[in-house]
Number of protein chains: 6
Amino acid sequence: MNIVTPTIKNLIDIWLKEDIGRGDLTQSAIKNKIVCAHWISKTNGFFCGGSLVESIYKTLDKSVQVTLHKPDGARISSDEKIVELRGPVFALLAGERTALNIAMHLSGIVTATNKLVLELKGTKVRLADTRKTTPGLRDLEKYAVKCGGGVNHRLGLDDAAMLKENHIAWGNGIPEAIENLRKNIPWTTKIIVEAETKEQAIEAVLAGVDGVLLDEMQPYEVLALTTQLRGLDKGSSKTVIIEASGISPQDIKQYASTGVDIISTSAPITQSKWMDFSMRFTEKSTC
Amino acid sequence: MNIVTPTIKNLIDIWLKEDIGRGDLTQSAIKNKIVCAHWISKTNGFFCGGSLVESIYKTLDKSVQVTLHKPDGARISSDEKIVELRGPVFALLAGERTALNIAMHLSGIVTATNKLVLELKGTKVRLADTRKTTPGLRDLEKYAVKCGGGVNHRLGLDDAAMLKENHIAWGNGIPEAIENLRKNIPWTTKIIVEAETKEQAIEAVLAGVDGVLLDEMQPYEVLALTTQLRGLDKGSSKTVIIEASGISPQDIKQYASTGVDIISTSAPITQSKWMDFSMRFTEKSTC
Amino acid sequence: MNIVTPTIKNLIDIWLKEDIGRGDLTQSAIKNKIVCAHWISKTNGFFCGGSLVESIYKTLDKSVQVTLHKPDGARISSDEKIVELRGPVFALLAGERTALNIAMHLSGIVTATNKLVLELKGTKVRLADTRKTTPGLRDLEKYAVKCGGGVNHRLGLDDAAMLKENHIAWGNGIPEAIENLRKNIPWTTKIIVEAETKEQAIEAVLAGVDGVLLDEMQPYEVLALTTQLRGLDKGSSKTVIIEASGISPQDIKQYASTGVDIISTSAPITQSKWMDFSMRFTEKSTC
Amino acid sequence: MNIVTPTIKNLIDIWLKEDIGRGDLTQSAIKNKIVCAHWISKTNGFFCGGSLVESIYKTLDKSVQVTLHKPDGARISSDEKIVELRGPVFALLAGERTALNIAMHLSGIVTATNKLVLELKGTKVRLADTRKTTPGLRDLEKYAVKCGGGVNHRLGLDDAAMLKENHIAWGNGIPEAIENLRKNIPWTTKIIVEAETKEQAIEAVLAGVDGVLLDEMQPYEVLALTTQLRGLDKGSSKTVIIEASGISPQDIKQYASTGVDIISTSAPITQSKWMDFSMRFTEKSTC
Amino acid sequence: MNIVTPTIKNLIDIWLKEDIGRGDLTQSAIKNKIVCAHWISKTNGFFCGGSLVESIYKTLDKSVQVTLHKPDGARISSDEKIVELRGPVFALLAGERTALNIAMHLSGIVTATNKLVLELKGTKVRLADTRKTTPGLRDLEKYAVKCGGGVNHRLGLDDAAMLKENHIAWGNGIPEAIENLRKNIPWTTKIIVEAETKEQAIEAVLAGVDGVLLDEMQPYEVLALTTQLRGLDKGSSKTVIIEASGISPQDIKQYASTGVDIISTSAPITQSKWMDFSMRFTEKSTC
Amino acid sequence: MNIVTPTIKNLIDIWLKEDIGRGDLTQSAIKNKIVCAHWISKTNGFFCGGSLVESIYKTLDKSVQVTLHKPDGARISSDEKIVELRGPVFALLAGERTALNIAMHLSGIVTATNKLVLELKGTKVRLADTRKTTPGLRDLEKYAVKCGGGVNHRLGLDDAAMLKENHIAWGNGIPEAIENLRKNIPWTTKIIVEAETKEQAIEAVLAGVDGVLLDEMQPYEVLALTTQLRGLDKGSSKTVIIEASGISPQDIKQYASTGVDIISTSAPITQSKWMDFSMRFTEKSTC
């Protein structure tokens, strides 16, 4: 999927303004000329952000050539060449930090996601993210989770209707809330309920929701409840999707065998560290 | 639902710039003073756009007071007062055309939608819109369809995954396309297939899609196929949603009894006329 | 005239964000590759929007090639090829709806304008639009009216100074209002008066306005008044322009022989229906 | 006229970002508290920019109170209080330079305009500006010219159609160019010709233009030509407007008695100096 | 310092669009009413982001009241109330995730910074950040480092001129590079050299730079070199600032006694985890 | 240095919208075709703005070719060719005024700066600008000062921390204010004090500031004080920078021999006149 949407193009402009501001002062110390450079990683991990690197540099200066050696989601080894660049040194330096920063951040998320996805290996359970994402980077961080083998939860308040504790508390119960939604939201949109209790989960499934989140329940509770919910829903070609949410990443394996379809966690985004990449210049005319 | 989202606030700025440009030249002909005004409709119909009128005027001048006599979706009679305004005449005139234009356009859509929805009265079938909307006004025109008793189809390319003729033709068949989507799209997102043939529709339902569009089929074909699709899907608490699409508005009644859940048409947006409202000024100090 | 001004380029960005949002989900179902496509019309009519189609696609992806078979304003027959496209399928699909929507909307306005202009054939009377335009599309809709053989009225509150009922009521009469304007507006700007009565029209012409609108008067009134106004203004190389406004489109012929220069109506914009175009894909390598 | 249009509001945001950037560093040196301040002028002259000062401060912090002692266009004496401010010192300092800069620049233009307008006293000739304006400040600089007693020429390429040397050279003569324009531009828009020769001026007036510019001609040529042009145009209630353009400001008096309506010069904008204002703080609680 | 600069106000608009998109779908499930809510932390740590929370909510709806119980940089205990909110539930929910996300992210940085700053306790050495920051959040993440007791390095390429390895390699040595800079950059701007070797560091100090970075050197090297550099610079009231850069956070104590002024590390930004806050609603009328 | 930063690219869009608005009306009078043009100056002086001219035209139409005959800062003689252009006449005309205006304005500043810099010839004193710049043009006007041989003062409130009269009055003296700054501003940022009195200057230098401004003092006072300040600071490799500010441009020579490093004045920006350039078209096919 092409991630450099019109919205992301606007963000790239903002990122470049943020770092370049009134202009790169050190351009006065040197002469502009064509040089080559490449990126290497200082540790093993997984890569993400190639098309952004390309778009950042093309936004700065169309003459910069970017060669991506690794697709998004690929495993990278320490010291391996990831990206090669050729162009005016003024542009290569002016875009360096912005391009590295976004790629290092996203690659950190992919690497963290891969680790958790590995714990689910051999099961049919999938790892999902949440709406706990860095403001301004939602779409890209969620893209990184996908590159790491995860699946996305809804992307915003307008992308699936999700009833939470307070929506339920303030209304006249789950069935009426769902009925209200059905009248008002696009028919192409899923309805999901975040259940704090067994009773809410059952009520939601009986009301025909598309998915139910079992929030902050113990693995044994999730196991029992999932079995019960599947029973309510049997015979259908299109079963309700059951997600365990509010899970600590270290408990993921315990939930993997409870029969849920999805385990969600914000950890790959909120608890991960950046990968560490470095840009090396070479002055050879042939590069 | 609060329709004046941050995105819509930006549009209001653009609309005002469009009409006001370098400034209202006629302000030089008169003195600014506080006046009152109200809107009346020249014909019967339905109203839409109240919160936009309010937001347009508040954007221009916070001191303008807007009183809405009719909620969005309400029936209005010829000569009935719809909106009342009080504030500096410079602001009232500078916002007049923009506020009237958007409300007259959206009210036209509500009125046209109501007419078609009436034809479905007594059935469980709902009327849906399409992505044929005026560029820049998608969310608002779809809101007007809802106010008119319709239901929205997806709001953009990112809001439900819909396989169309060409997605099917270019891949290895519907099941593989769906499998690819399931791996890549949020689990909270529905998958829909637009079927040109009976075979495609059956294949889609067997693959467990959330919805199927029967495109440009005759009413008798839709009736037969819907029955067959319901059979494939039976026993489920959560049945596949079946939509008849590519329908002329005049044929709507014939499709209403085919057993489909939804009939979609772009007509209330692409074939409707604006309502005609007029703003009348009064100079009384008490208004 | 080049209609893709810097302002319109911004709108194109907004339109694309509106439809694409967080990205076209169905891109995950297929592989990207170069394909060809063309547009055909489903009915006879007139075309408008070619340079917008080109600019929309170039904004999305510079490699898309757009060939326009019809200039803006040209007559098109049902099933005729209007536009041909060649490029990555991801781009062709991502821009499809936006490009079609704006062209279908504008082509509908051209077609409606042509119909009314035909009624004025054989006279010297020209058809003009009004400021009743869809918010965000003013310049483009007015361009469509021109393509259909009409002439534009002022484009915004800053484009010609037009005294209306309330400007007159709140001041000390037309001559003083005009004097105030002359002192304050650019000398390159016309002054126009919308007259509700015969007396106002006469007063305006005697005050030397550039144009006078005879608003909501009967054809016989317009005929008599126009004759009288021409008398006041005789001998001038540069006569006052007289417009009949507030006219129903069905009455246009009755006003055509009253001697006015211009008949204005919002109908081609507020009462017209979209044309219906369709985009067909072909996979042949030679296209 | 309200000059703080939606377009100007955007500029104010840009100006504030320009000066404040990542934040006023000196805020760390002091504590925020409510203070008072006022502006005085260091020389005699004329003031302009009051509503901008107000809008700049309100944009920064709604609690700042701005009292304007002088309307735009008013004469100011050295050491006279022009503006008073009350609010948080952080806001007063953060907006100080931006507010002073725009007001000092515009006041310089008003003062320069007044001087030239004085030279035309006793005649009916008016002083006009040109499109030679500082990029980003066109509307405001032209507003300052008006405040100084001048009249504006067109505000942009879309505001009056003006045929210049090259338009004439590249076409088939003035009459055809005008005919093309009349077909395509709004009927509410004036047509003007910039004439380099006597012949062009005559041709333009005979073709019924609204205005003619006599460009870079000697005063005696302008005198003779104006008389001739008035003759061609006689009997009209609405005579062609004649402008002398390409005039050095020092020659203005010589052109004042040639019979032209308008003399245009870019000098008040391109050759003027800023006024010099100073902001003085007072810490008294009652201010 | 007021961190909600005009630039940050724009970012808040972007963040809200990102999460709210076409509107919060669940608003259809409930009725709008005034409610109260508060934030508590799930763990001990330090808080940051109060004025952003306030600005996010005021941007959404001016009627929301935000009470900050903790200033930025304050220690917070698990379960302590941090923020209280009162306002329409539609606004409270629509801003919840954006406000929490930015505050949790920044609070994580403050907490991580505090930990490292603690290791420097008892020394005069200060902890600095780098330009490795999340694209779009540079100013805010650096603000969080300050709230945690750190000091900022330059904020962008335009904020201090810093010669790095390649600037030196591509020119004619450090002295010439510095001379070029002095001619071209503002005199108010510092010049800094990142030295990879002892020789470069000495050369830079002799050339009178304002600061020198000793990059990726061992603690014993830094100790020796710092002593030598202080010798070159002695007698000055204003000594060169020496920074150890390229330091792993775990080695910070070893560098603390080398005599450097500053130790810089990207760790509080690139290696930290978010704090975990939760928003709790209460429906009591008195809150 | 590349001055067309992402921020300046945005300004160029705004400038073009300002002049082109709803479109160049005169395009209707002529046919589009490829033509050539060049710029000549009407007087001797210095040029500035070449890369802006290029960027303005490329923004309008990528096919326009711009050849710069003079680098920024170069001396130009009357009637010398400065710039050559080749491209569609619609683009050449639509960009003409914007490109000329910015270049004429900046060239005026370069020319005025050169004149003042000449007065300092033979001394080591440098000429600096101030924050008195035209809103929206700060970076470009300061760039012009550099092209004219001057040096820039800080570019905004965030670029160097400068304590002024009121910062000192409202705090507990200069040393405490500086201590507060050191804790809070980046260590890479200079601290400067604007001294109104001899005592303040001494206090500032003793507190180790990077620069001190002697504001509105007589030449003999500056001479005596500078000698004294140098004494306080002696022995340092990196001496405090002393600036004379609040100077009238005519007094510059008197201050040139006082021993200060810098003399600042806003005159080249606030008191300068535009250069006068003209664009000449040629229709030859070979150009």
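How many residue pairs are in polar contact between chain A and chain B, both at pLDDT 80 or more? The points below answer this and cover two further sites.

1. The structure is a predicted model. Between chain A and chain B, 14 residue pairs are in polar contact, both members being at pLDDT 80 or more.

2. The side of chain A that touches chain B draws on several elements: strand E6 (126-128), helix H6 (174-184), strand E9 (211-215) and strand E10 (241-245) of chain A each supply at least two residues. H6(A) gives the largest share of that side, three residues. By residue class, the side of chain A that touches chain B divides into 13 nonpolar, 11 polar and 13 charged residues.

3. As for extent, 37 residues from chain A and 37 residues from chain B take part in the contact. The area buried between chain A and chain B is about 2700 Å². Carbon and sulfur atoms give 51% of that area.

4. In chain B, Ser55 deserves a separate entry. B:Ser55 lies in helix H2 (residues 50-60) of chain B. Is B:Ser55 buried or exposed? B:Ser55 counts as buried because its relative accessibility is 15%, and the cut-off for buried is under 20%. Once neighbours within four places in sequence are left aside, B:Ser55 is in contact with B:Val4 and B:Ile12.

5. In chain F, the element to look at is strand E10 (residues 241-245). Five of the five residues of E10(F) are buried, so the strand is largely enclosed by the rest of the structure. The burial applies to both faces: F:Ile241, F:Glu243 and F:Ser245 point one way from E10(F), F:Ile242 and F:Ala244 point the other way, and all are buried. The charged residue F:Glu243 is thus listed among the buried residues of E10(F).

6. Which strands pair with E10(F) in the parallel sense? One is strand E9 (residues 211-215) of chain F, which is joined to E10(F) by five bridges and runs parallel to it. In this pairing F:Gly211 stands opposite F:Ile241 of E10(F). Another is strand E11 (residues 262-264) of chain F, which pairs with E10(F) over two bridges, also in the parallel sense. Here F:Glu243 has F:Ile262 in E11(F) as its bridge partner.

Key. Residues are numbered from 1 along each chain as its sequence is written. Chains are lettered from A and ligands numbered from 1 in the order in which they are written. This is a predicted model: local features need pLDDT of at least 70, side-chain atom pairs count only at pLDDT 80 or more; totals for chains, interfaces and linings use all residues. Side-chain values use heavy atoms; hydrogens and water are left out. Contact means heavy atoms within 4.5 Å. Buried area is the accessible area (1.4 Å probe) that two parts lose on being put together, summed over both. A polar contact is a pair of N or O atoms within 3.5 Å; within protein, one must be able to donate a hydrogen and the other to accept it, and residues adjacent in sequence count only if both atoms are side-chain atoms. Helices (H or I, at least four residues) and strands (E, at least two) are DSSP runs, numbered from the N terminus. Buried means under 20% relative accessible area, exposed over 50%, partly exposed in between (1.4 Å probe, protein chains only). Two strands pair if DSSP finds at least two bridges between them.
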